[in-house]
Amino acid sequence: MLPLFAGLLIVLMLLAGCGSPEPGTTPSGTTPSGDGAFPVTVPTAFGDVTVPEQPRRVVALGWSDAETALALGVEPVGAADWLAVGGDGLRPWVQARYTTPPQILGTLEVDLEAVAALDPDLILDTRSSGDRERHDRLTQLGVPVIGIPAGGENYKTTWRDQLRMVGAAVGKPQEAARAQADLEQRFADARTQHPQLEGATVVSGARNTLGEYAAYTGDSGRLAFLKELGMVNAPQIESQRTDGFSVPISRERMNLLDADVTVMQAISKDTSAIANDPLWKAVPSVAAGRGVLLSDRDVSQAFSSASVDGWRYALDRTVGQLADAAAKAR
């Protein structure tokens with residue numbers, strides 16, 4: 001079962017060229033010259049999966065699978081909206097846009113009939129619960145299902161693994177490699193420009209609509225973002241073990257949120273309840289001006305997306321705040 005924060009977040013939460021491509025295809029509608037060759041085999045936690053030919057009707061079910069495919073030039077015909085964006089499921093941080101919006105499908109519970117009606121030839125589920133039953137149900141449709149990688153259980157698939165797996169499955173490994181290199185360079189530039197981030201301890205947390213706080217653990221995509229900047233998870237959080245990717249923080253132990261920098265999000269549309277919470281204000285790092293409250297909803301969701309486009313967007317809008325907070329701890 002998902003931790004409370006994961007469940008609440010889920011429930012609440014570069015095409016170019018002439019003409020309009022068919023949904024689920026590259027702009028040319030053909031296998032790109034010099035790109036991935038088919039058949040291609042993709043290793044997953046459920047065994048190797050072979051995609052026999054260039055997929056033309058892709059269904060993207062895993063968290064950020066759709067925007068990852070879209071960033072590589074492939075428009076899914078069906079997509080899951082994990083962050084409850086609405087509409088076509090794309091937030092402003094996604095650079096490419098759909099020519100034909102996909103059918104929006106379920107997240108935790110997938111309607112197999114709805115998926116089957118889309119006549120897919122590839123299903124992406126690279127960042128999901130890793131539940132074997134879910135995977136087995138999807139494979140009943142008789143098409144390749146790219147599930148989580150080894151170690152990707154409970155939404156812990158890294159952005160690199162997701163990009164690599166999606167890129168391979170849709171015949172875009174070179175585009176995936178370029179996107180990875182670009183994001184890695186952006187993080188490297190940020191580390192060079194803000195050396196105070198290196199080694200700074202950080203707690204990344206969230207507050208849900210019930211007023212409960214949690215801190216994300218080392219397997220969370222949010223902490224992965226901060227670690228790319230050279231920051232380290234605060235030891236009092238890192239030492240806590242969980243099968244999920246967050247640990248609850250009781251209001252009696254809010255001091256666990258203290259670190260060189262404390263990052264906080266709201267699992268709702270409004271962060272005012274956090275900003276006005278006396279217990280939040282009393283956390284030593286926050287009282288010292290080293291709390292970073294992600295009050296912009298788009299920035300908060302981009303930070304949570306663990307996708308290339310999302311992290312580009314979040315990096316541009318958070319690194320200054322994070323660096324200023326880290327400098328105050330020196």
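Entry 1: I started with Asp-81, which is buried but has no salt bridge; Arg-91, the nearest side chain of opposite charge, is 8.0 Å away. For my own record, buried means under 20% relative accessible area, exposed over 50%, and partly exposed in between, with a 1.4 Å probe and protein chains only. A salt bridge needs a side-chain nitrogen of Lys or Arg within 4 Å of a carboxyl oxygen of Asp or Glu. Lys and Arg count as positive and Asp and Glu as negative, while His and the chain ends are not counted. I found Asp-81 in the loop between strand E4 (78-80) and strand E5 (103-105); helices (H or I, at least four residues) and strands (E, at least two) are DSSP runs numbered from the N terminus. A polar atom of the Asp-81 side chain lies 2.7 Å from the backbone nitrogen of Gly-86.

**Entry 2: ground rules.** I am working with a predicted model, in which local features need pLDDT of at least 70 and side-chain atom pairs count only at pLDDT 80 or more, while totals for chains, interfaces and linings use all residues. Residues are numbered from 1 along each chain as its sequence is written, and side-chain values use heavy atoms, with hydrogens and water left out.

Entry 3: Arg-290 is buried and has no salt bridge either; Asp-258 is its nearest side chain of opposite charge, 4.1 Å away. I noted the backbone oxygen of Ala-259 at 3.2 Å from a polar atom of the Arg-290 side chain. Contacts (heavy atoms within 4.5 Å) of Arg-290 include Asp-258, Val-261, Ser-285 and Lys-328.

**Entry 4: the core.** The largest nonpolar core has 66 residues, and Phe-225 is among those that touch the most other members. Helix H13 (residues 308-328) gives the most to this core, ten residues. Such a core is a set of buried Ala, Val, Leu, Ile, Met, Phe, Trp, Tyr and Cys residues joined through side-chain atoms within 4.5 Å. A second, separate core has 18 residues, including Ala-215 and Val-283.

Entry 5: Leu-315 lies in helix H13 and counts as buried because its relative accessibility is 5%. Beyond four places in sequence, Leu-315 is in contact with Arg-186, Phe-187, Ala-190, Phe-225 and Leu-229.

Definitions and conventions:
A polar contact is a pair of N or O atoms within 3.5 Å; within protein, one must be able to donate a hydrogen and the other to accept it, and residues adjacent in sequence count only if both atoms are side-chain atoms.
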